[in-house]
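Biologist: I would like to learn how to read the features of a model that is new to me. Could we go through them slowly, beginning with the terms?

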Amino acid sequence: MNTKKLIAPVLITAFLIMILVFYFFIWILMPIPVIFKIILLLILVALVALSIYNLYERIQEVRSGEEDDLSKY
């Protein structure tokens, strides 16, 4: 497996998750109703889950050797 092709997706996913967690902590400190905080938390959890799923799919592409599919078109 070529680990050099996985460095960027892992770093970007980690950076995105750190940003989303930072936003959540900012929203916790804001004086908004609790229901909005819960809704925002659910949205952020969904975004984190999608990011992790996207990373998983990218790892599968690299493992199977399909990372250069764009060059076919």
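Modeller: Helices (H or I, at least four residues) and strands (E, at least two) are DSSP runs, numbered from the N terminus. This is a predicted model, in which local features need pLDDT of at least 70 and side-chain atom pairs count only at pLDDT 80 or more, while totals for chains, interfaces and linings use all residues. Residues are numbered from 1 along each chain as its sequence is written, and side-chain values use heavy atoms, with hydrogens and water left out.

Biologist: How is a pair of aromatic rings described?

Modeller: In general, one gives the distance of the centres and the angle of the planes. Rings of Phe, Tyr and Trp (its six-membered ring) pair if their centres lie within 6.5 Å, and planes under 30 degrees apart count as stacked, over 60 as edge-to-face and the rest as tilted. The structure holds two aromatic pairs. In one of them, the ring centres of Tyr 23 and Trp 27 are 5.8 Å apart and the planes lie at 25°, so this pair is stacked.

Biologist: What separates Tyr 23 and Trp 27 in helix H1?

Modeller: Tyr 23 and Trp 27 are four residues apart in helix H1, and therefore about one helical turn separates them. Phe 24 and Phe 25 form a tilted aromatic pair, with 5.9 Å from centre to centre and 55° between the planes.

Biologist: Is Phe 25 buried or exposed?

Modeller: Buried means under 20% relative accessible area, exposed over 50%, and partly exposed in between (1.4 Å probe, protein chains only). Phe 25 has a relative accessible area of 51% and is therefore exposed, whereas Tyr 23, at 41% relative accessibility, counts as partly exposed, and Trp 27, at 23%, counts as partly exposed too.
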